[in-house]
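Please read the briefing below alongside the sequence and the coordinates. It starts with terms and then goes topic by topic.

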Amino acid sequence: MAVAACQAAPEASPGASDRGDGAGAPFDLTVEDIVIVGMDNAGILGVAGTPPSDAAAAAAVSAARDALGAFLNAQLVDEATRFSAAPVDQLLSARARATASENDRAGLGQVDLPVARTITGPASAVAEVLLHGEEVHAVTLSFNALLTVELAGGTASAAKQSGAMTFLPTEEGWRADAVEVTIELPEGAP
Amino acid sequence: MRRLALAVVVAGCLLGLAASAFATAALRASVHPAHAQDGLLTILAIGSDIGPPHRPGDPLHGRADGVHLIAVDATTRRATIVNIPRDASVGGQKLSDLLYYLGPDAFTARVAEFAGVRIDYWALMTFRSIEDVVDGLGGVDVHIPQPMHDAFSGSKFPAGPQRLAGHQALAYVRDRKSVAGGDFGRSANHGNLMRFAHAQVRGNVTNLPELGRMVALFARNTVTNIPRSELLPLARLALMIEPGDVRQTALQGTFGFGPGGASVVHVQPGDAFDRIRAGQVGP
């Protein structure tokens, strides 16, 4: 079941600079499609099922999209936090944080890279929501976020963060509990 | 204008050279938290003979046609399936009847007491569950050692490898008349189908969206006390287990009669439960 696509309102990234050339501008993460995957087991119980709530799905996708958008902007754009550990810690659930290796953190953009500035490009996602009535179990976002990274020295290179993350509602808010992503960065990253 | 155009082309080429001279490196992240519990995890798989549309009624209080203790070592990623005969005599009663009287919580507690093994969770399926899960997987590849032909269950399979659709898989696990060992053979085929389906899932799931869809398929077709928050980590754990690291063992026993005159199996568990208690899981 598909629900209308939604678009994140780009939020000002604290500490981001605006040089008038796109540098420092936040990603405008667009969710192009929402697929609802039902989890209701009423069929085997022979009782009336609970229809999936489009509103609950849309709200959950919005929350997950906000979490992913905040991560992408903090990790790749915001001068104060980009390529550091803090955005990864903010993104992951407690148990995912405990599981993530140094290589995983590097794949999420926690790298030592002499970045002069980044320029955001298109960012889009497709969402799959695991849902039982109004109870949302998980939202998986498959996404692409394109950008240009300019290293100290002035050479610019295309970069990309892409893959999938599964977000769960946790006590800390919507957090990524499973991650399969790749980041393509200028060579020179560890 | 022509000079400007030329300048743009040259500038573009230089930019292109600069970019191509500056190669990119791809770094991967694959974060999948393990199930919260270290070490041994135990789940009782229960097949109820009640449930729509085949047999309308409450599957939680049907008779347990299939009872299997699944033990997983989350650390070594090995597993054991113990097939428990449905006619096993437990406290003087036939095991399959206990589900009808007790429901799945107390039923599981009774099996745990019988086996002397802590059981963390139970998961109950119906005839329809088997059909829907197998069809949802696109069929399951099985190997059938001897021909099966049974009008009651609907089994009609030549020997050899074949892919079963949902209704065929149901016939495969219900047939006890044309399999060696009768009810013991049928119970073994329940475990076989679980192992074949596990292998099929491993082949089908290659990314997070597919993992989510697989979890939803099982959630739609199972009644369980496994917390929703544990379903994805448990599914991921299951995918990490190699099919060759799953041991299947069947409890043996002798036929006899219970207090009410009903035929029962007096189980001789051998070391099946001892091994699990000792944390010896897998081949």
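Axes here are lines fitted to C-alpha atoms, for helices over the stretch in contact, and angles run from 0 to 180 degrees between N-to-C directions. Helices (H or I, at least four residues) and strands (E, at least two) are DSSP runs, numbered from the N terminus. The model is predicted: local features need pLDDT of at least 70 and side-chain atom pairs count only at pLDDT 80 or more, while totals for chains, interfaces and linings use all residues. Residues are numbered from 1 along each chain as its sequence is written, and chains are lettered from A and ligands numbered from 1 in the order in which they are written.

**Helices α4 and α5 of chain B**

- Helix α4 (residues 166-174) of chain B packs against α5(B) at an angle of about 140 degrees, the axes being 7 Å apart.
- On the α4(B) side the contact (C-beta atoms, placed from the backbone, within 7 Å) uses A169(B), Y172(B) and V173(B), and on the α5(B) side R186(B), N189(B), H190(B) and L193(B).
- By class, the residues of this contact are four nonpolar, two polar and one charged; Ala, Val, Leu, Ile, Met, Phe, Trp, Tyr, Cys and Pro count as nonpolar, Asp, Glu, Lys and Arg as charged, and the others, Gly among them, as polar.
- Seven of the nine residues of α4(B) are buried, so this helix is largely enclosed by the rest of the structure; a residue is buried if 20 or more other C-beta atoms lie within 10 Å of its own, exposed if 12 or fewer, and partly exposed in between.
- The cover over the buried residues of α4(B) includes α3 (127-136), β8 (140-144), β10 (155-157), β11 (160-164) and α5 of chain B.
- α5(B) has 22 residues and spans 31 Å from its first C-alpha to its last, close to the expected 32 Å, where the expected span is 1.5 Å times one less than the number of residues.
- Buried residues of α5(B) include R186(B), N189(B), H190(B) and L193(B).

**The sheet of chain B**

- Six strands of chain B form an open sheet in the order β12-β7-β2-β3-β4-β13, with mixed pairing; two strands pair if DSSP finds at least two bridges between them.
- β12 (223-224) and β13 (246-250) of chain B are at the edges with a single partner strand each, so one side of each has no neighbour in the sheet.
- β4 (residues 78-84) of chain B pairs with β13(B) in the parallel sense over five bridges, and I81(B) is opposite Q248(B) in β13(B).
- Helix α5 (residues 183-204) of chain B lies across β2 (40-48), β3 (64-73), β4 and β13 of chain B, at about 170 degrees to β13(B).

- Chain A has five helices and seven strands, in the sequence pattern β-β-β-α-α-α-α-α-β-β-β-β.
- Of its 190 residues, 49% count as buried.
- The largest nonpolar core has 128 residues; such a core is a set of buried Ala, Val, Leu, Ile, Met, Phe, Trp, Tyr and Cys residues joined through C-beta atoms within 7 Å.
- Helix α2 (residues 54-76) of chain A gives the largest share of this core, 11 residues.

**Interface of chains A and B**

- 43 residues of chain A are in contact with 37 residues of chain B.
- β7(A) supplies the largest share of the chain A side, 10 residues.
- That side divides into 22 nonpolar, 13 polar and eight charged residues.

Technical notes: Contact = placed C-beta atoms within 7 Å.
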